[in-house]
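Me: I have a structure open and would like to know what stands behind the words used to describe it. Could you take me through the terms one at a time?

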Amino acid sequence: MAMTATEKQRYARHLSLAEIGAAGQSRLKNSKVVVIGAGGLGSPSALYLAAAGVGKLALVDYDVVDLSNLQRQVLFTNADVAQSKVAAAAKRLAALNPDIEVVAHDLQLTADNILDTLREYDVVIDGTDRVSTRYLINDACVILGKPLVSAAIHRFEGQALTYLPERGPCYRCLFPNAKDGQVPNCADAGVLGVLPGVMGSIQATEAIKLILGIGELLTGRLLTYDALTTRFDEFTVARRTDCAVCGEHPTILTPQDAVPKSKTTAAQRALISHSTPRQLQLRLGSAAESTTPILLVDVREPHEFERGHLAGCVNVPIGELAARMDELVASLSGSSRGRSSRPDVVFVCRSGGRSLQACEMAVGARLTAVPINLDGGLLAWARDVDPEFVVAPV
Ligand SMILES: [Zn+2]
């Protein structure tokens with residue numbers, strides 16, 4: 001189909017590139033890309049894909065715009081706060097390029113709807129921040145045979161990988177076992193606002209190259225970017241023959257629902273005990289004569305721990321807890337030598353969320369009879385017990 005005069009003008013800088021030209025621009029126009037997650041990564045990738053003239057551009061998200069999103073989610077403005085993300089994004093993208101079709105999927109992807117949602121698109125961009133959703137998307141793309149451009153961000157670091165069906169490793173080849181909670185998300189760990197701008201732009205670049213069939217893709221190469229040192233690195237990643245979804249004998253043949261947030265049952269959850277800051281203060285004060293000693297475990301990131309922590313606390317970041325559970329069990333049996341009973345384990349974090357996850361993991365691993373959560377975390381401790389206590393920002 002011939003290009004209109006306005007299209008010729010709009011895409012003039014693409015048309016002058018020999019690698020794109022009129023034929024490439026027409027390929028972009030005939031392509032369909034779906035961006036999952038209208039957030040930090042989805043914002044720049046959707047904006048650039050719309051600007052580049054991708055003919056059909058879909059966004060999937062079920063959230064509303066929050067004021068704290070605007071630090072990095074450049075699709076939105078102040079006026080969009082409390083609005084549906086995909087609706088606001090669709091309006092913005094249509095304003096940027098009225099010649100393309102923008103589709104808003106206001107839904108949460110599940111094992112039941114993901115194949116139907118992704119089926120019609122040529123390229124999938126994963127801009128989500130939840131590990132379990134990442135696996136769901138990866139598995140759906142492997143099953144559908146769709147290229148997938150993944151990226152992830154954490155504090156000052158980003159990474160990206162492009163999966164090509166039959167040609168390279170998938171996300172599950174790279175991380176066979178990660179689970180939600182082991183990788184803190186933006187809300188827990190914080191993120192430099194411009195970082196997703198870099199990584200999301202890389203995702204858009206990969207998608208455009210893929211559609212045009214030019215250049216080299218990040219297939220079998222994990223790209224990492226450290227914004228603090230301004231260093232890009234890459235690591236060769238091989239396809240795993242024993243991968244559960246793309247390997248020789250796959251065990252995942254249909255998408256599986258996101259790993260539940262917690263595998264603990266209600267009965268197990270009932271084994272978790274809760275402590276207010278004042279109760280913990282009383283317990284610590286009387287620990288010397290108490291029959292049951294206390295082990296305090298701070299599950300925040302080391303940079304948060306260094307800024308201020310409770311006396312006698314050990315630091316085991318939530319992401320390392322599963323791997324270091326044996327070490328903790330050993331320290332428990334060590335410290336209980338000569339005592340009448342094993343210590344109670346109290347988990348603490350900034351606001352009580354990560355520590356509750358830690359309690360659930362401790363119940364699952366039978367670390368202690370009754371793990372105790374410091375409800376409200378160290379923020380509550382500073383408020384109710386020790387106003388001088390410094391709680392590092394995340
Ligand atoms: Zn794989």
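Me: How many helices and strands are there in the protein chain, and what makes a run count as one?
Reply: The protein chain has 16 helices and 13 strands. Helices are DSSP runs of H or I with at least four residues, strands are runs of E with at least two, and both are numbered from the N terminus. This is a predicted model, in which local features need pLDDT of at least 70 and side-chain atom pairs count only at pLDDT 80 or more, while totals for chains, interfaces and linings use all residues. Residues are numbered from 1 along each chain as its sequence is written, and side-chain values use heavy atoms, with hydrogens and water left out.

Me: What makes a residue of the zinc site a donor?
Reply: Donors are N, O and S atoms within 2.8 Å of the metal (3.2 Å for Na, K and Ca); water is not among the atoms, so sites may look incomplete. The SG atoms of Cys170, Cys173, Cys243 and Cys246 lie 2.2 to 2.3 Å from the zinc ion, so they meet that cut-off.

Me: Why is the site of the zinc ion called tetrahedral?
Reply: Four donors count as tetrahedral if all angles lie between 85 and 135 degrees; four count as square planar and six as octahedral if opposite donors are over 155 degrees apart and all others between 65 and 115, and anything else is irregular. Here the angles among the four donor atoms are 93 to 119°, so the site is tetrahedral.

Me: How are the donor residues of the zinc ion spaced in sequence?
Reply: The spacing is C-x2-C-x69-C-x2-C. Cysteine 173 lies in helix H8 (residues 171-174) and cysteine 243 in the loop between strand S8 (231-236) and helix H11 (266-269), so this pair ties together parts 70 residues apart in sequence.

Me: Why is cysteine 173 called buried?
Reply: Buried means under 20% relative accessible area, exposed over 50%, and partly exposed in between (1.4 Å probe, protein chains only). Cysteine 173 has 4% relative accessibility, so it counts as buried. Cysteine 243, with a relative accessible area of 2%, is buried as well.

Me: Are arginine 13 and glycine 308 buried or exposed?
Reply: Arginine 13, found in helix H2, has a relative accessible area of 70% and is therefore exposed. Glycine 308, in the loop between helix H13 (302-307) and S11, has 15% relative accessibility, so it counts as buried. Across the protein chain, buried residues make up 49% of the 394 residues.

Me: What does glycine 308 touch, and what makes that a contact?
Reply: Contact means heavy atoms within 4.5 Å. Not counting residues up to four places away in sequence, glycine 308 touches Arg300, Phe389 and Val390.

Me: How do you know that the buried residues of helix H3 are on the same side?
Reply: In H3 (residues 21-29), Gly21, Gly24, Gln25 and Leu28 are buried. They cover an arc of only 100° around the axis, which puts them on the same side of H3; the arc is that of the directions from the helix axis to the C-beta atoms. Their cover includes helix H2 (12-15), helix H4 (42-52) and helix H10 (195-212).

Me: What makes a set of residues a nonpolar core?
Reply: The members are buried Ala, Val, Leu, Ile, Met, Phe, Trp, Tyr and Cys residues joined through side-chain atoms within 4.5 Å. The largest such core has 32 residues, of which Val33, Leu49, Leu57, Leu59 and Leu93 touch the most other members. H10 supplies the largest share of this core, six residues. A second, separate core of 24 residues includes Val34, Ala58, Ala111 and Cys170.

Me: How do you know that S10 and S12 pair?
Reply: Two strands pair if DSSP finds at least two bridges between them. Strand S10 (residues 294-298) and strand S12 (residues 344-348) have five bridges, in the parallel sense, so they pair. Leucine 295 stands opposite valine 345 in S12, and leucine 296 opposite valine 346. S10 and S11 pair over two bridges, also parallel.

Me: Why are S9 and S11 called edge strands?
Reply: The open sheet has the order S9-S13-S12-S10-S11. Strand S9 (273-275) and strand S11 (314-315) each pair on one side only.

Me: What makes both faces of S10 covered?
Reply: Ile294, Leu296 and Asp298 on one side and Leu295 and Val297 on the other are all buried.
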